[in-house]
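Me: I have a chain to read and would like to learn how. Please take me through it feature by feature.

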Amino acid sequence: AVVSTQSTGRIVLTGGYLSPADANDDNTHGIGNDFECDPLMGTRTTRNWGHEISNIQDCPLSNCYNVQLQGTDHDPGSHLKSGPVYGNYALYISDTAHGFPDPGTALELEISPFKLWA
């Protein structure tokens, strides 16, 4: 995760640029982004720059007018540009897993032992 002065990316893409914590350069791209927020307080300062998925790119604040995004799920900021979606993304979180199955393994949904419905 990234915590900077006014920008945040919840998950940074491998191979992308990770801005220093004190930088306000809007150049960290990944999943769950917002370029106008206070990540330490969990608040947004505007509703212009939020976007779910952006591609790896070198697009710093000072000269970037074409931030390439995946899909159309984003705020109306003038520099945010909709683009194709390259796949589906999922996060798997576990308190007990010691590893993850190899690529290509079929995953199953595991439901806790208590009954969820009548």
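Me: What percentage of the residues of the chain count as buried?

Reply: This is a predicted model, where local features need pLDDT of at least 70, side-chain atom pairs count only at pLDDT 80 or more, and totals for chains, interfaces and linings use all residues. Residues are numbered from 1 along each chain as its sequence is written, and side-chain values use heavy atoms, with hydrogens and water left out. Buried means under 20% relative accessible area, exposed over 50%, and partly exposed in between (1.4 Å probe, protein chains only). Here 29% of the 118 residues count as buried.

Me: How many helices and strands does the chain have?

Reply: Both are DSSP runs, numbered from the N terminus: helices are H or I with at least four residues, strands are E with at least two. This chain has seven strands and zero helices, so its pattern along the sequence is β-β-β-β-β-β-β.

Me: Which residues make up the largest nonpolar core?

Reply: A nonpolar core is a set of buried Ala, Val, Leu, Ile, Met, Phe, Trp, Tyr and Cys residues joined through side-chain atoms within 4.5 Å. The largest one has seven residues: F35, W49, C59, C64, V67, L69 and L80.

Me: What is C59 in contact with, apart from its neighbours within four places in sequence?

Reply: Contact means heavy atoms within 4.5 Å. By that rule C59 touches D25, D26, N27, H29, C64, N66 and V67. Among these, C64 and V67 also belong to the largest nonpolar core.

Me: Is I93 buried or exposed?

Reply: I93 is exposed, because its relative accessible area is 77%. I93 lies in the segment after β7 (80–81).
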